[in-house]
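Q: Please take a close look at one helix in this predicted model. Where does it sit, and what surrounds it?

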Amino acid sequence: MLKSKDLLGIKELTAEEITLVLNTAAGFRDVIARDIKKVPALRGKTTVNLFFEPSTRTRTSFELAAKRLSTDVINFSVPTSSVVKGESLIDTAMTVQALGADFIIIRHSSSGVPHLLSNKLKASIINAGDGINEHPTQALLDAFTIREKKGDFRNLKIAIVGDIAHSRVAKSNIYSLTKLGAKVRLIGPPTLIPRNIEQLGVEVFHVMEEGLQDVDVIMMLRIQMERQDKGFFPTTEEYVKNWCLTSKRLSFAKKDAIVMHPGPMNRGIEITSEVADGASSVILEQVTNGIAIRMAVMYLLSGSRK
Amino acid sequence: MKILIKDGHILDPSQNIDCRGDIIIEDLKIQEIILKPGEQHQRHKENIRADKIIDANRHLVIPGLIDMHVHLREPGFEYKETIKTGTFAAIKGGFTAVCCMPNTNPVNDHESVTEFIIRKSKQEGFCTVYPVGAITKGQKGEELAEIGTMKNEGCVAFSDDGRPVMNSTVMKRALEYSKTFNVPIISHSEDLTLSEGGVMNEGLLSVKLGLRGIPPEAEQIMIFRDILLAESTGGGLHIAHVSTAGSVKLIREAKKRGVNITAETCPHYFSITEDAVEGYNTNAKVNPPLRTFHDIEAIKEGLADGTIDVIATDHAPHHVDEKLNPFDSAPFGISGLETALGLCLKLVQEGVLTKKALIEKMTVNPAKILGLNGGNIKTGSLANIVIIDESKEYKVKAEDFVSKGKNTPFDGWTLRGLPICTIYKGIIYEW
């Protein structure tokens, strides 16, 4: 059982709760591998995708997960809603709830928005990414993928590479992987790694080859082009020279290391095509596992509400 | 009408009065102060005739407090606060004079706006309002506003509060130019290039909450710049809302060198840390941001050793809907007038400040910095007096604020020491 009616972040979960989600997802992973991919578990429930930021993959993944659990799904996207007419966030969310939503999947550019709604609404709020805070289902699907490939977290060295400071994926993964007992390293230019972050129980490296030494898992993050415009690094070329995951850099990791990326990838910037499409890459498996994880989260939250 | 305040503990740091006594008020003015040393807790037997007798036995009787940093929001943002509601909140909090910052709409960068504020406050206000004029036209930080003309109209200081003057040359000129008119320049010290996008203190907690940080350096760099400019120009500089340990240190060192500066902090900077932001509490979103325990300690030291001259509220009322926005987009500010005195008295209860030192920072010190009459209890002057029940414990209830701004991180706190009576120009407000 999950303690809360909502999934706001990994920060709020215990290791046991994370493991419960992973175990539950394993069952759904089998379901979605079948020819008939749907179960009636949540028939009659309503899911609303409330996305205030553009997203294709996460929204689609949640939509599929909700449909495979037999809930009715509505996509409430910003440009077509009354938000553009100046409606407040709370009013929009209250309206969605009044329409009968049991699950509200929310993505917003401001950190803490799922928490704000959680206090105001009875529906289960699932955080699909809030500002630079968290993206919990991404971290759960990453943990699921790692566990499938590597088993026990306690002996693993995992490197997260790139723009840590602005990445909600990195934040959720730091919480999840440290709670599960893995050793987490962060790699990137000092301008993209917050000071004090070691206090979360991670190691920080700036030279990629040093950080990748003997790691079991490499998680690459998307580099957003606007970071260069804002001066976090001088040029894309220099970023590539120092922090792009190439085959050569990959060789510093363990031989059987896996390479992950939450997508969408900037090929040739944070990762070369050779690595992205290579034998170590599990990037597409992450996508498939994402549906199973999101089904598990909805299923468990539905139980915690009774 | 003749009013007698009987048997109170009169404390007026400006005249070194710290003694039991009576005050007689007639025709809006203080007619007589009868000090009764040596009569601790004995009822005075003589009978003074008066129309109204206020029994102040066991209560503290002090000059009406002066808050040199508030936002009254009028003109332009009357849905947040008006001169009427803001000055009533002041009276309730024990203040009989407030200085209102110029970031209204239109900005108080012209004598006509100054005139409007003063006229409106005389018509509708409950206490005295001293406007603070903008340093630059439109608070844009580019061209100086008509400081001389606005001073003649009633502005007592100049500040672009809410925004810094980023251009150092403009700030230098303001400090030079204002000398002619003998008015202080109040610095809202914030390097916008460092604070850009920030919504709380930069540190581990901002990382954990995924909120963008405002580093202490954003404040300190500008304080240091303005100290250097004040030093070279000899202009009068007052540093607003000091929030960091580093700022206290810079100001202390400058004062030691003899630079002509003064400084203020606000109750929230010595009462709560950034932890109040946890749970994305927009009522704890304030600029400069709430800092750490280490900063609180340094600010208390700065208050105790006189580095920080004044406690002001930076009363910044907002509409409840605005504070219901996501943390990033909610406005900065705390509604402070009605909790200030209780939070400040904690400094006395904790032994950080003597009662006299505290009252000094809320009466005579701001009066001196701004060249105001008041902040004292003197025979012949206007009767602006506050009576405080120091032992009264009460629970802060934001919904009961008379200010339109209910935005406080102190809702539900228990405080000790409450103004039970504020007398402004002979008018009695009892609570």
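A: Start with a cut-off. Two residues are in contact if their C-beta atoms, placed from the backbone, lie within 7 Å. With that in hand, turn to helix α2 of chain A, residues 57–68. The model is predicted.

First, the helix itself. α2(A) has 12 residues. From its first C-alpha to its last it reaches 16 Å, close to the 16 Å expected at 1.5 Å a residue.

Next, its buried residues. Thr58(A), Ser61(A), Phe62(A), Ala65(A), Ala66(A) and Arg68(A) are buried in α2(A). These residues cover an arc of only 165° around the axis, which puts them on the same side of α2(A).

What does that side pack against? Just after α2(A) comes Ser70(A), with a positive phi of about 70°.

Now the wider setting. In soluble globular proteins, nonpolar side chains tend to be buried together. Here the largest nonpolar core has 109 residues. Ile104(A), Ile158(A), Ile160(A), Val161(A), Val217(A) and Ile218(A) touch the most other members. Helix α12(A) gives the most to this core, with nine residues.

Take Ile160(A) as an example. Leaving aside neighbours within four places in sequence, Ile160(A) is in contact with Ala170(A), Asn173(A), Val184(A), Leu186(A), Met219(A) and Leu221(A). Another core lies apart from the largest one. It has 106 residues, among them Val107(B), Ile135(B), Cys155(B) and Met362(B).

Step back to the whole of chain A. It has 12 helices and nine strands. Its radius of gyration is 19 Å, close to the 19 Å that the globule rule gives for 306 residues, so chain A is as compact as a globular protein of that length. Along the principal axes, its C-alpha atoms fill a box of roughly 55 × 40 × 35 Å. Buried residues make up 48% of the 306 residues in chain A. Among contacts in chain A between residues at least 6 apart in sequence, 75% join residues at least 24 apart.

Last, the partner chain. In chain B, 16 residues are in contact with 22 residues of chain A. Helix α6 of chain B, residues 204–209, gives the most to that side of chain B, with four residues.

Key:
Residues numbered from 1 in each chain as written. Chains lettered and ligands numbered in written order. Predicted model: local features only at pLDDT ≥ 70, side-chain atom pairs only at ≥ 80, totals over all residues. Helix = DSSP H or I, 4+ residues; strand = E, 2+ residues; numbered from the N terminus. Expected span 1.5 Å × (residues − 1). Buried ≥ 20, exposed ≤ 12 C-beta atoms within 10 Å, placed from the backbone. Arc of directions from axis to C-beta. Core = buried A, V, L, I, M, F, W, Y, C linked by C-beta atoms within 7 Å. Rg over C-alpha atoms; globule rule 2.2 N^0.38 Å.
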